[in-house]
Amino acid sequence: MFANHRVMKIVLLVGIILMILKFVAWYITKSNAILTDALESIINVVAGGFALYSLNYASKPKDANHPYGHGKIEFFSAGIEGSLIFIAGLSMVIMAIYGFFQKKELESLDIGILLSLFTAAANFIMGRVLIRQGTKMHSATLVADGKHLISDVISSIGMIVGLLIIYFTGRFWIDNVLTILLGAWIIITGFLLVRESVANLLDETDLKAVESIVEILNKNRRENWIDVHNLRLLKYGAHLHMDCHLTLPYYLTLEQSHDEITKLETLVNEKAGKEVELFIHADPCVPESCPVCTIHSCPVRKKPFNKKIEWNLSSVLPDKKHS
């Protein structure tokens with residue numbers, strides 16, 4: 001977690017320097033496209049500051065008021081960042097439309113292009129570092145900020161291509177058209193970040209994460225694990241919370257059942273590559289379970305074995321025992 005803080009601090013500091021460089025490029029060229037790129041850098045810095053705060057808050061331990069921890073603030077942070085990006089894109093479009101009614105020529109485009117290339121390269125490196133670190137540490141905040149910077153790079157590349165066209169053709173109206181296109185791209189990026197943030201705050205099921213857990217269970221299935229169903233996976237920042245029902249032979253003692261549950265918990269935490277908190281409800285098997293039960297030496301089997309059921313999304317998510 002402290003590594004996340006260090007990375008975010010460095011990115012925030014570099015972001016401030018790049019913002020200053022972009023405003024210098026705008027002052028030299030008087031380009032609306034470069035100005036909107038510079039304005040988006042303000043969003044980068046503000047979002048980076050809030051991201052750093054959210055990482056500090058999310059690292060707090062669980063307490064009586066937050067029994068699942070403070071990790072959900074990372075999704076809130078990503079939503080704030082997406083909203084700021086959306087507003088920045090909208091302001092870009094409005095400014096570009098207004099620019100059509102103001103005739104002006106651009107200046108020193110060569111210097112502006114070089115500065116823009118430098119800032120784009122720096123943002124690309126920081127974006128990749130954030131996404132890699134965020135994916136490794138399961139931090140929605142770092143991944144969101146990394147995606148934000150990568151979208152900034154893409155818009156910067158489009159802007160640079162447009163400025164090159166203007167430089168060689170002298171068609172200055174392209175500056176405003178380019179700004180509108182970049183603004184639309186940024187609006188879409190912001191909307192998608194907000195959409196993902198809201199989904200996580202509303203505990204929308206991450207099907208890829210569930211598939212990963214189910215694959216682990218299938219590959220390491222124990223004979224006494226007759227059935228898994230009503231599986232739910234919730235995200236709390238970098239941590240996961242998993243609920244499920246596990247059907248076990250009814251003749252196991254309480255201690256034996258607890259041992260099976262402990263083995264499942266240990267398995268998921270060892271193989272999932274992240275911290276997972278599990279609440280497992282133990283169900284006793286019933287006669288209808290016999291056809292899918294793989295316990296060959298079962299002393300109380302009522303029906304012959306028919307077929308082993310491979311667990312998948314359609315079978316583990318519903319609150320219904322297999323039979």
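In this predicted model, strand β1, which spans residues 227-236, supplies three residues to the lining of the second largest cavity, the largest share from any element. The cavity itself has a volume of about 40 Å³. Its lining consists of N200, D203, E204, D206, L233, L234 and K235. Sorted by class, these residues comprise four charged, two nonpolar and one polar.

Helix α6 contains 28 residues, and the distance from its first C-alpha to its last is 41 Å, close to the 40 Å expected at 1.5 Å a residue.

Two helices, α3 (73-99) and α6 (174-201), each provide at least two of its residues. Helix α3 gives the most, with four residues.

Rolling a probe the size of a water molecule over the atoms shows where empty space is left. In this structure there are two cavities of 30 Å³ or more. The largest cavity holds about 100 Å³ of space. It is lined by 14 residues, and V11, G15, N44, V45 and L149 are the closest to its centre. Four helices each contribute at least two residues to this lining: α1 (2-29), α2 (32-58), α4 (109-137) and α5 (140-169). Among the elements, α1 gives the most, with six residues. By class, the lining of the largest cavity has eight nonpolar residues, five polar and one charged.

Finally, there are open spaces to examine. The second largest pocket has a volume of about 200 Å³. Strands β2 (239-248) and β3 (276-284) are the elements that give two or more residues to its lining. Strand β2 contributes the most, with three residues. In total, 17 residues line this pocket, and those nearest its centre are K62, Y68, G69, H239 and E275. The lining of the pocket includes seven nonpolar, six polar and four charged residues.

Technical notes. Residues are numbered from 1 along each chain as its sequence is written. This is a predicted model: local features need pLDDT of at least 70, side-chain atom pairs count only at pLDDT 80 or more; totals for chains, interfaces and linings use all residues. Side-chain values use heavy atoms; hydrogens and water are left out. On a 1 Å grid over the protein atoms alone, a cavity is a set of points where a 1.4 Å probe fits but cannot get out, and a pocket is an open set with protein on both sides within 12 Å along at least five of seven lines; lining residues have an atom within 4 Å of a point. Grid points are joined across faces, edges and corners, and a volume is the space filled by probe spheres set on the points. Ala, Val, Leu, Ile, Met, Phe, Trp, Tyr, Cys and Pro count as nonpolar, Asp, Glu, Lys and Arg as charged, and the others, Gly among them, as polar. The expected span of a helix is 1.5 Å times one less than its number of residues.
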